[in-house]
Amino acid sequence: MPRVLRSARLLGVSLLGVGLLSGCVANNPTGESVALTVESSADGCTVSAAETPAGATSFSITNIGDQVTEFYLLGDDGLRIVGEAENIGPGLTRDLVVQLAEGSYFTACKPGMTGDGIGKAAFTVTPSTSSTVVNADLDAQVETANENYASYVKDQISQLVTGTDAFATAYLAGDDDAARALYAATRMHWERVETVAESFGDLDPKLDLREADLEEGQDWTGWHAIEKDLWPEDAEAGFEAYSAQKRAALTEQLVADTATLDENVQELSFTLSQQTNGAIGLLDEVATGKVTGEEEAWSHTDLWDFQANIDGAKVLYAGVRDILLEEDPDLADGLDTEFASLQALLDAQREGSGFTLYTDLTPAEIRALADQVNALGEPLNQLTAALVL
Amino acid sequence: MIRAVTRRTSTESADSVTPGRGLSRRGLLGLAGASVAGIGLGVAGDRVALAAATPGAASASTVYPFYGSHQAGIVTPAQDRLHFAAFDVSAGVTRTELIELLQDWTVAAAAMSAGQDVGEYGATSGPYDAPPEDTGEAQGLATAGLTITFGFGPTLFKTADGEDRFGIIGRRPADLTPLPHFPGDDLDTGRSDGDLCIQACSNDPQVAVHAIRNLSRIAFGRAALRWSQLGFGRTSSTSTTQATPRNLFGFKDGTANIKAEEPDVVADQVWVSAADGPAWLAGGSYLVARRIRMTIETWDRTSLREQEAVFGRTKGAGAPLSGGTEFSEPDFALAGREDQPLIGAAAHVRLAHPTQNQGAKLLRRGYNFVDGNDDLGRLEAGLFFISFQRSPAQFTTVQLNLAKHDALNEYIRHVGSALFAVPAGIADGSYVGATLFA
C-alpha cells in the first residue's frame, strides 16, 4: 500500500554506503556511554576531550558556524571513516553514537561540506576496564549481507516480472479465474521487497495505489485497479466491469512499469542500517495495511501480502543474524522466537497453496496476529542500535 | 482580551434584551419548544466569584468575553482542553424552533463563559422536586478561560437531498460546500459533517465537557449530537505569549501558526470580509475539523533520522533542519550532501509552508486525542485538527499539497472531516447567527 513516500526509510536517507561499522566492537552492555561535545565553526573543530576510554561514545556536535557542516571520526590512517554526522544545519546539534575500540583516531569537521575538512586532530581511545572485543570480520560480514540482499531483491523483482506477464496474459484473454489465481501469488514477490520497490517515487503509486489514495480526477492504474475488476462483489452500486480497451491499457501499463522497476533495482546496494530499517519497514507495512485488511480491499488476500512482508523481513534479519549473534545473542534469541511465533500464527491460516481470506478471520485471530506483530516489532526496533553501534 | 471575573446578575441579563427579538430567561421559557417546556434557561448561580482574577496570564480565573465583534475561541490564546461537538437538527424542527435553539444556546453559553450556571436556578437551587437546570459538575470550578464557538454546516442550508428546511438556502455561502476527497482520506461518516457545531475550549477539561453537556441537553428534541471529540492537549499556539506545544509524534507543532498579535495577517487570512460575502457572514470565519488518526506504534519504530526528515525540523528544539532556532525561517534551498536540500521535498514543514501554497495560511487550533484503543490493541490516538480561515480554499490548497506529497502520510490517516461557517461575534442581547435569520 503506497502512502505516497516511503523512500526515506530505505534508500533516500543515507545513500552513501559509508562503513559506519569499521570501528565497531562487540556491544558492552555494562558500559555507560561517554558523552563528548564538538563545536564546529568556520575555522575550528573543537572536541571536548582528546581521549576517551573504549566503549560506547557519544559525540554531540553543535554547528556554531553559518554553513552546513559535517563531523568525521577517522581511523589511524586519517582516511577510513569510522563514524560521521552529516547535514548539520547552522545552529543545530546532532549526536553521533559509536562503539570505539582502543586505538588512534582523528576527528575533523567539514563546514561547507567540501574540501578535506578542517581542525583535524588526533583522538585516542584508551583501554577500558570493560571487556570490549574488536570484531575484525565485521566489515566483510556486512558486505556479504549487503550483496546477498541486493541479489534477493533482484531475484524477487525478476520473478515479479515473470508472474506479471502471466497474470497480464490471463486477464487480457478474459480468463478471470486464471487471473484471480495468479493475483495474490504474484504480488507476493512485490510485497517481499516492498520497501525497496516503493522507494522509486512515481512507480509505487502507478503500481500499488489503493482507490482511497486517489486524488480527485487522478487515473487509477496498477494491481488494485485490476483487483477491483476481478473481485467486483464489494464494489459500489453501479460499478461497471472494465471494457476490453481498459483492460488492455491497464495491463500494458502494469507490464511496462514492472519492467522499469526491474531496471531500477539492478544497481542497488544497502548499508547495514538500511537493511535493519528495511525489516522494520516491512513489519510496519504489515501493521498499517495488512493486519487491518485495507491492502486487498476487493480480493481480501491480505494474508498473502502479510506472509510476503514477513518473508522479506526474515531475509533481512537472516542476513545480519550472524553479526547479531556476536554482538547480542540474547536479542538474536528473542527475534528467532518472535519470528517463529508469528510464522506459526500464519501457518495456522494456510488453506491449500494460499491462506484464509481476511474477511473469514475472526476478530480474535486478527487480534492475535496484530499482537504478535507488535511483539516482533519491539526487539526488531533494537536491531539497528545493536548492530550499528 | 482578558478581564477579571465580574458577577453578572440576572437583572443585567434582562436589561440587555433588545426589543422584539430580545432574550431573557423569561422570554426563553416562552420560546422554548414543547420538548423543553418547563426548563427555564436563564442565568443564575455565580460560581466564579471565588476565583481570584490575575489579569495578563491565562489561569484558572481567566474569563474571556462571550460577546464581541468576533466569536471567542478563534484568536483567543489556545486553551489546553477541548470538547468539540457536531449536531444534526432534528426532523420536523421549524425555522422558528431553530432560532429559539440558537437563542437558548447563546444565553447559556454566555452564562457559562462568564462562570455562571445554566438556568434561572442553576445547579443546586430551584424546585426541590424538579431536576436541577445546570448539570452541576462545574460547581466550584473556575471558567479556566472557557470559550464557546458556534458554526453552521453546509447541510443546515441544504440537506443531502437538496431540502431547504429553514428557508436559508439562498443565504448559503458559495464556499460552504463539502470538502473534496483528498488522497488517502478514509472518512467515517459518523465522525464527519453535521448541521451545527460547538467548540468548547478551556484549561479545565471538566469545564469544557460541562459546556457541551449542558448545550446538548438544551438541544434535546431540537438537535441531537452527531459526533463529539475530546482533546487533551493543544497542538498550536495562537499567541506569541504561548510556548509551542508538541503533538503525539513528539514534535513541536504550529510554530509558524497565525498569531493573535498579527492583526493584519488575521484580517487577511482568518476573517470573512463584507466584500467576500455573504453579508451575514462578515466578521466570521470558516472552521475545518479533521480527525487525524496517528499510527504512533509504527512511528515509534522509526529512526530519529527519518522522524526529523519527515517533519523537516529537529525533534528537540523544533528548529528547521536548515538551521537556526525554532522560529528561524526555513531555508528550503539550503543543500547538504549531494546537493540535496536539508529540508527534503516531502518534508511536512516544506509542504505546509505558505510559500508552497500560494501564500495560504491557516489559523490552526488543534488538539491531541487518545480515545482508548482500537480492536488491534493500538492506541486510538491522533490529532483533532481544527483550523480557521477566511475561505475553505486556503485549507483545500494546503491539504491537497500535503495529501499528495507529505512524508507524514505514512503515519497518519484522516478519518473524520467537517466544514462549518462560523458567524461573526454576537452583540449583547442578540444571538449567534442572528444576521443569517434577519
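# Reading a two-chain predicted model

Author: Let us begin with one residue: Glu338(B) counts as exposed because 10 C-beta neighbours lie inside 10 Å. The structure is a predicted model, in which local features need pLDDT of at least 70, side-chain atom pairs count only at pLDDT 80 or more, and totals for chains, interfaces and linings use all residues. Residues are numbered from 1 along each chain as its sequence is written, while chains are lettered from A and ligands numbered from 1 in the order in which they are written.

Reader: How many C-beta neighbours does Gln358(B) have inside 10 Å, and is the residue buried or exposed?

Author: A residue is buried if 20 or more other C-beta atoms lie within 10 Å of its own, exposed if 12 or fewer, and partly exposed in between, with C-beta atoms placed from the backbone. Gln358(B) has 11 such neighbours and therefore counts as exposed. In chain A, buried residues make up 46% of the 389 residues.

Reader: What is the phi of Glu338(B), and where is this residue found?

Author: Phi of Glu338(B) is near 50 degrees, a positive value in a residue other than glycine. Glu338(B) is found in the loop between α8 and α9 (348-351) of chain B; helices (H or I, at least four residues) and strands (E, at least two) are DSSP runs, numbered from the N terminus. Gln358(B) is likewise not a glycine, and has a positive phi of about 50 degrees. Its place is the loop between α9 and β9 (363-364) of chain B.

Reader: Which peptide bond of chain B is cis?

Author: The bond from Gly277(B) to Pro278(B) is cis, with omega near -10 degrees. Pro278(B) belongs to the loop between α6 (263-269) and β8 (285-294) of chain B.

Reader: Is Ala381(B) buried or exposed?

Author: Ala381(B) is buried, because 21 other C-beta atoms are within 10 Å. The residue lies in strand β11 (residues 379-389) of chain B. Not counting residues up to four places away in sequence, Ala381(B) touches Leu248(B), Met294(B), Ile296(B), Phe369(B) and Val370(B); two residues are in contact if their C-beta atoms, placed from the backbone, lie within 7 Å. Gly336(B) is 45 residues from Ala381(B) along the chain, and 35 Å separate their C-alpha atoms.

Reader: What is the strand order in the open sheet of five strands in chain A?

Author: Strands of a sheet pair through backbone hydrogen bonds, either parallel or antiparallel. Here two strands pair if DSSP finds at least two bridges between them. The five strands of chain A follow the order β3-β9-β8-β5-β6, with mixed pairing. At the edges are β3 (51-53) and β6 (81-88), each pairing on one side only. Strand β5 (residues 69-74) of chain A runs antiparallel to β6(A), and five bridges join them. Within β6(A), Gly83(A) is the bridge partner of Leu73(A).

Reader: How many strands form the open sheet with the order β2-β1-β4-β7 in chain A?

Author: Four strands form that sheet, and the pairing is mixed. Three bridges link β1 (residues 34-40) of chain A with β2(A) in the antiparallel sense. Val38(A) has Val47(A) as its bridge partner in β2(A).

Reader: How many helices and strands does chain A have, and what are its domains?

Author: Chain A has eleven helices and eleven strands. By an automatic or database domain assignment, chain A is divided into domain 1 (34-126) and domain 2 (138-388). The centres of these two domains, taken over C-alpha atoms, are separated by 40 Å. Among contacts in chain A between residues at least 6 apart in sequence, 74% join residues at least 24 apart.

Reader: Which residues of chain A does UniProt list for "domain: Imelysin-like"?

Author: The unreviewed UniProt entry lists residues 147-383 of chain A; its positions are given in the numbering used here, feature names are shortened, and annotations may be inferred rather than shown by experiment. Over residues 147-383 the chain is 70% helix and 2% strand, with end C-alpha atoms 19 Å apart.
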